[in-house]
Amino acid sequence: MHYWVRASSSDFAGTHPQRRSGHSAVNIGKSKVVVFGGLVDKKFLSDMAVYDIEAKQWFQPECTGSGSDGHVGPSSRAFHVAVAIDCHMFIFGGRLGSQRLGDFWVLDTDIWQWSELTGFGDLPSPRDFAAASAVGNRKIVMYGGWDGKKWLSDVYVLDTISLEWMELSVSGTLPHPRCGHTATMVEKRLLVYGGRGGGGPIMGDLWALKGLIEEENEAPGWTQLKLPGQAPSPRCGHTVTSGGHYLLMFGGHGTGGWLSRYDIYYNDCIILDRVSAQWKRLSIGNEPPPARAYHSMSIIGSRYLLIGGFDGKSTYGDPWWLVPQEDPIASRLTASPPRNIPESKDVTSLNDDFQPQFKESQTEKFPFSELQRRLQISVSESNSRLHIVNELEDKELLELASRLAGENVSTNSLAIEALREHWRKSESNMVKLKELGPLLRDYQRLIYRQYLERSASAQQPGFGEQVMHQLYHVKNATQLRMDDIPKLLAEYKQLPI
C-alpha cells in the first residue's frame, strides 16, 4: 500500500521549484535531483532548482558557462529532453514560444558549469516533446518528437564522450510517429509507451527497441508488446519512473472520446512489473493529487517526488510525495480523525434512510479500518472530503429524474426510482456525459447506505460473497477514465436500492 502526502515545509529546507509544466527533473546519482526549465502562464523558464537528497534542501546554484548568445546556460525552454550520465546533465531541444530548438548542452553538476556542445555526425533536427534515456554510462538514445510540422519516428544515439550523433537504421515494423511519449531503458531494451501521433490520436501502445547495446551485436528492431494485466489507458504527457523491479506510470492526458471533446487528465498509478511482465495497479490508500500531465516524477530512495504539471487550465507547483505505508511521512495521514465516515452525531444530519440507530457500543465495533476491510476499497483520512448527500438534496439527480419521468410521476421519490431503473437497464455507451456526476454520487450513496445497514445489524458478507467497490473513492466524475464507465455501471447494477 502506498499513500500520497502533500509535501510540507518540514520535509526540506530552501525554496522548492515554482509552479511549472513541461520541465525536466533528473537524478544525479543518489545525491541530488536537478529541475530545469518549463512553462508557466505562457512564460518559458530557464531557471534551475536542485534538491540535495542527503541535506534535504533545495537550492539554486550559481552556474557559469555561456553559449553563443552570451547567456549563461541554455535559453528558456520547455518540453525538452534531459538525461543524466554520471555527474553530467545533457539537454537537447525543446520549445521557446513557437520555435523548436535544436541546441545541445551539458551541465557539470560538480562545478555547476554549463557548456554548449557542437556535436557531429547525424545531427537530429530541432524538436520538442521527444523522449530520451541513458544507455549505460556513456550513451543516450532519443526517439520521436514534433518538429512543428510533423510527428517524428527517428532514433538517434549520442556518444557523450565523442559527442557523435548516429541515426539508428531500424528495419521491420515501426511504431507510428509520435510525441509526448515516454522512453525508458530497461535492461537491454528501450521501452516506449503512448504519445500523440499522426492525425492527433493519442496512443496506448508499448514498444521495445533492441540493438542499442554494442556488445550484444543485435540488429536494431522494434517489437510491439501486448502484456497481460490492467493496462493503462492511451495517454501522452505522462511519466514513467524506474524503481526496483517495476516501472511506475503516473498521470498524462487522453481524449474524452464519445463522452467529451475535451482532453481527460489522469492521476492514476500503473505499474509495469519487470519480473512478471504484466501491468498492475498500484494500491493507493488515499485520494491522489489533482490529475495532470507534463509534470515530473523523481525517485528518492523508496519515495517518489511529484513536481508541477498542467491539467488543461491550471499549472501546479505544490510538491507531493508518494510513499510506502511504513514511511514516517505516511503517519501524517493518521494525525487527524477520519471525517468521511461520520460518527453517530453526524449521521443524524442525513436522511432517515441513512440513520442506523447506532448504540455507542456498536459504533466502536466498526472503526474506520473496518469499512476498508468490508468494502475492499482504499479509503483514508485524507479522502475525508467525500461528502454523501441525500438524493432529495441532489439537484442534478432530481432534474434528471424529473426530465426522464415527465408528468407521469407525482413525487420526487418515484422519479428517482424511475431514474435508477433506467440506469440499471442502460449500457455504458448509453450514459450521457451530464449523467455521470449524478450516477457516481448515487453509486456512492447506495454503497454508504448498504454499509451502514450492515454495520447496524453487525451483518457480515455471506459465504463466498465478495464486496468490491473500486470507484467509491472517486471524488467527482471528472476523475473517471473512459474504461471506468462500464465498471461504474456494472457495480451500480449490483447495489440494492
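**An open sheet and a helix pair**

In this predicted model, 4 strands come together as an open sheet, with antiparallel pairing and the order 1-28-27-26. The edges are taken by strand 1 (2-6) and strand 26 (296-300); each of these has a single partner strand, so one side of each is left without a neighbour in the sheet. From one strand to the next, the twist averages 25°.

Strand 27, spanning residues 303-307, and strand 28, spanning residues 320-324, are joined in the antiparallel sense over 3 bridges. Here Leu305 is found opposite Trp321 of strand 28.

Turning to the helices, helix 5 (residues 412-425) packs with helix 7 (residues 484-494) at an angle of about 125°, and their axes lie 9 Å apart. Because angles over 145 degrees count as roughly antiparallel and 65 to 115 as roughly perpendicular, helix 5 is classed as oblique to helix 7. The crossing in which helix 5 passes helix 7 is left-handed.

The residues behind this contact can be listed for each helix. Helix 5 contributes Arg420, Trp423 and Arg424, while helix 7 supplies Leu489, Tyr492, Lys493 and Gln494. Sorted by class, the contact of helix 5 with helix 7 comprises 3 nonpolar, 1 polar and 3 charged residues. The nonpolar class takes in Trp, Leu and Tyr, whereas Arg and Lys count as charged.

How values were computed: Residues numbered from 1 in each chain as written. Predicted model: local features only at pLDDT ≥ 70, side-chain atom pairs only at ≥ 80, totals over all residues. Heavy atoms only, no water. Pairing = 2+ DSSP bridges. Helix = DSSP H or I, 4+ residues; strand = E, 2+ residues; numbered from the N terminus. Axes fitted to C-alpha atoms, helices over the stretch in contact; angles between N-to-C directions. Parallel < 35°, antiparallel > 145°, perpendicular 65-115°, else oblique. Left-handed = near helix turned anticlockwise from the far one by under 90°. Contact = heavy atoms within 4.5 Å.
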